[in-house]
Amino acid sequence: MFYSVISLSGLIIYLKQIDEKIPKEKLVVFVGVGESGSGKSSLAFDTIAVESSRQWQASYPLYLRNKMPHYERPAVESIHNLTPSIVIGDNTLFY
């Protein structure tokens with residue numbers, strides 16, 4: 001099924017260009033084994049979350065868009081089948 005995956009092509013993370021397919025309608029978790037700094041957070045927060053927010057905001061009238069935060073387009077050639085996403089940060093809530 002073509003529409004059952006989010007397709008990212010030409011994604012550049014830490015000087016590496018990758019193509020990735022992420023399944024839709026499933027819980028997706030980005031993890032790595034002992035690879036701190038390998039780009040997991042960059043993929044989730046700086047690419048998928050930002051582009052999802054940009055596409056979502058594009059549906060609003062210009063008056064509202066001017067009052068909302070502006071996001072730069074991520075460093076990716078193309079993203080297909082991306083729907084609005086819910087991003088849960090990895091910050092500590094309580095100290």
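Ala, Val, Leu, Ile, Met, Phe, Trp, Tyr, Cys and Pro are counted here as nonpolar, Asp, Glu, Lys and Arg as charged, and the others, Gly among them, as polar. The model is predicted, so that local features need pLDDT of at least 70 and side-chain atom pairs count only at pLDDT 80 or more, whereas totals for chains, interfaces and linings use all residues. Residues are numbered from 1 along each chain as its sequence is written, and side-chain values use heavy atoms, with hydrogens and water left out.

Pockets were located on a 1 Å grid over the protein atoms alone (open sets of points where a 1.4 Å probe fits, with protein on both sides within 12 Å along at least five of seven lines; lining residues have an atom within 4 Å of a point). The largest pocket has a volume of about 750 Å³, a volume being the space filled by probe spheres set on grid points joined across faces, edges and corners. Its lining comprises 23 residues, with Val 28, Phe 30, Ser 85, Ile 86 and Val 87 nearest the centre. Two or more lining residues come from each of strand E2 (16-23) and helix H1 (40-57), where helices (H or I, at least four residues) and strands (E, at least two) are DSSP runs numbered from the N terminus. H1 supplies the largest share, five residues. By class, the lining holds 15 nonpolar, three polar and five charged residues.

The second largest pocket has a volume of about 260 Å³. Among its 13 lining residues, Ile 13, Ile 18, Ser 38, Gly 39 and Lys 40 are closest to the centre. E2 and H1 again each give two or more residues, and the largest share of this second lining, three residues, belongs to E2. Six nonpolar, three polar and four charged residues make up the lining of the second largest pocket.
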